[in-house]
Amino acid sequence: QLREGLAWQDGEPFNADDVVFTFEHILTRETGARLFANFQVIEGATAFAEGEADSISGVVALSDTEVQFTLTEPNAIFLVDLAIWGGAYILPEHVVSQIPPESFTTSEYATRRPYPGIGPYVFDRYETDQFIELSAFADYYRGAPIIDRVRIVSIIDANTRIIALENGDVDLIAEVPVEELERTSNIEGVQVIQQPSPSGYGIFVDSDQDKDDPLKVAMRTPEFRQALYHALDIDTIIADVLNGVPTRSPCVFLQEWACSPDITVYEYNPDRARELLASIDWDPTWEVDWMVLAQQVQPVHAIMQQLFTEVGINTVVRTVDGPTFVENFYANGTFDMTLVGFGAGVDPNVPANNFFVCGQLYPNGFNGARYCNDRVSELVALGKSTVDQDARIEIYQELSLILNEELPLLPMWVTPLITAASDNLELTYEQYDWDDVHTWSFGE
C-alpha cells in the first residue's frame with residue numbers, strides 16, 4: 001500500500017507505476033543493478049531479464065496506490081531487501097525511463113543530479129569531492145523541513161572535520177573516530193551522539209581460486225587466515241588504541257541468534273601464528289598488499305602491521321581513495337587483504353548474501369574477496385527461503401561455523417556510529433540516522 005496524494009518534487013504524481021517501473025529497471029540486465037540477484041525470487045523476473053517477457057508477472061499495479069508482489073517461493077528477507085539502506089529506492093518513471101538502461105550508471109541522473117525525489121530536501125548543486133547543496137521541500141509529506149538549506153561538505157580527514165566543527169565552520173560531523181571521542185566530547189559547545197551500528201569492522205582476504213601465484217595459494221588456506229587472527233592482540237587494541245569503545249565481534253553476523261555458540265575466538269598467540277604459517281611453508285619475504293581506504297586510515301593500522309611483522313607476515317600498506325577502492329576490491333579483485341567496515345544489516349542474510357555467495361560479483365553483488373564454497377551458497381539460499389525462525393537459526397549457525405573456520409572475512413569489532421554537532425543544533429534520532437532531519441532546528 002502506498003501513501004495517497006504523494007508527488008515527486010517536480011510536481012508529477014508518485015504512484016504504483018513508479019514502483020513497477022523501478023523493479024523492471026532493476027531486473028533489466030543492462031542496468032547492472034546490485035539488487036538484480038536479490039529479486040530473482042519475484043515471479044517472472046528471469047523471463048523478463050532474458051527478454052522472454054515484456055513485463056514482470058510478479059509485480060502488478062492493482063491501483064494507483066497498491067502494488068502486488070508474487071514470489072516463486074517463500075522468502076524471509078524480501079521486505080528487508082525492499083527497505084534496507086541501499087535497497088530498492090523507487091525511481092521516477094517519467095525521468096529514468098528516458099535513459100537507456102545500459103547508460104544509467106553514467107547518466108547525469110545517477111552521477112550529477114538525482115532529481116526528483118519525494119524526500120524532505122531537494123537536490124540543488126553538487127561539486128565533485130567538495131559539497132552537495134540541498135534546499136527544503138515545502139510539500140514533504142511528513143511536514144516541511146524547519147531548516148531551509150543543507151550543505152554537505154566532503155572532508156575526508158577526521159581531524160580536519162573535528163577542527164571545522166570546533167571552529168564553527170560546520171554544524172555537524174559524521175564518523176568521529178573512536179580515538180577522538182574523548183577529545184571531541186570535551187569541546188565546549190559540542191554534543192556527541194552515539195547510535196548502534198549496522199556495520200562491523202574486519203579484514204577481507206582475497207579468496208580468488210583462479211589465481212595460482214604461490215602467495216595467493218598460501219593466503220587461501222584457513223591456516224593463513226587463522227595466523228592473521230592469532231597475530232593480533234585484538235582485546236588490547238580495543239582497550240588501549242580504540243579507548244574501549246568498540247565491542248569485539250568474532251562472528252560475521254551482528255544477530256546473536258545467527259552465531260553458533262561453538263564459534264572459535266582466535267586469541268592473541270603469536271607462537272601459534274608462526275606454527276600455522278610454517279605448516280603452509282609461508283615465505284616471510286613475500287609482500288602482502290594491504291589496501292587501506294584513505295578515509296579509514298587509523299593508528300590501528302600501524303599497530304596491526306607491526307604485529308603481523310612480528311610473526312613473519314610482511315604487509316605493505318597501499319592507501320587508496322574511494323573510487324580506486326571500489327575498482328580494486330569490488331570490480332577487479334586486485335588486492336591481498338583490506339581492513340574495512342562492512343554492512344552487517346538487520347538480518348544475517350545481508351552480509352551472507354553480499355559477501356559470500358559464489359559468483360555474486362560487482363556490480364550485481366559485493367563478493368570482492370571472490371570467496372566460493374558451494375555449501376555456503378546453498379545455506380545462504382536456504383536462509384532466504386526458510387521462514388521458520390528455529391530453522392533459520394540452525395542454517396545461519398552452521399554458516400557461521402564454516403565462515404569462522406575458512407575466514408574469507410576476519411570480523412574484528414563493532415563500533416557505534418558517532419556523530420558530533422554544535423549544541424544549538426536540536427536533533428532528533430528517534431529513527432536511524434537522518435530519517436527525522438526535517439524536524440531538526442537551530443535553538444538559541
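Which residue of β14 does Leu-172 stand opposite? The first legend gives the residue concerned.

The model is predicted; local features need pLDDT of at least 70, side-chain atom pairs count only at pLDDT 80 or more, and totals for chains, interfaces and linings use all residues. Residues are numbered from 1 along each chain as its sequence is written, and side-chain values use heavy atoms, with hydrogens and water left out.

**View A. The pairing of β6 with β14.** Leu-172 stands opposite Ala-421 in β14. Ile-173 has Ala-420 of β14 as its bridge partner. Strand β14 comprises residues 417-422, and its pairing with β6 is antiparallel over two bridges. Strands (E, at least two residues) and helices (H or I, at least four) are DSSP runs, numbered from the N terminus; two strands pair if DSSP finds at least two bridges between them.

**View B. The open sheet around β14.** Three strands form an open sheet in the order β6-β14-β7, with antiparallel pairing. Its edge strands are β6 (172-173) and β7 (190-195), each of which pairs on one side only. Six bridges join β7 to β14 in the antiparallel sense, and Val-192 has Ala-420 of β14 as its bridge partner. Strand β14 is mostly covered, five of its six residues being buried (under 20% relative accessible area; exposed is over 50% and partly exposed lies in between, with a 1.4 Å probe and protein chains only).

**View C. The packing of α15 against α16.** The axes of helix α15 (residues 374-385) and helix α16 (residues 389-406) come within 9 Å and cross at roughly 155°. Therefore α15 is roughly antiparallel to α16 (angles over 145 degrees; under 35 count as roughly parallel, 65 to 115 as roughly perpendicular and the rest as oblique). Axes are lines fitted to C-alpha atoms, for helices over the stretch in contact, and angles run from 0 to 180 degrees between N-to-C directions. Residues of the contact include Leu-379 and Val-380 of α15 and Ile-395 and Leu-399 of α16. Contact means heavy atoms within 4.5 Å. The residues of this contact divide into nine nonpolar, one polar and four charged (Ala, Val, Leu, Ile, Met, Phe, Trp, Tyr, Cys and Pro count as nonpolar, Asp, Glu, Lys and Arg as charged, and the others, Gly among them, as polar).

**View D. The surroundings of Glu-223.** Glu-223 lies in helix α9 (residues 222-231) and is partly exposed, with a relative accessible area of 29%. Leaving aside neighbours within four places in sequence, Glu-223 is in contact with Leu-276, Ser-279 and Ile-280. The C-alpha atoms of Glu-223 and Glu-275 are separated by 9.2 Å, the two residues being 52 residues apart along the chain.
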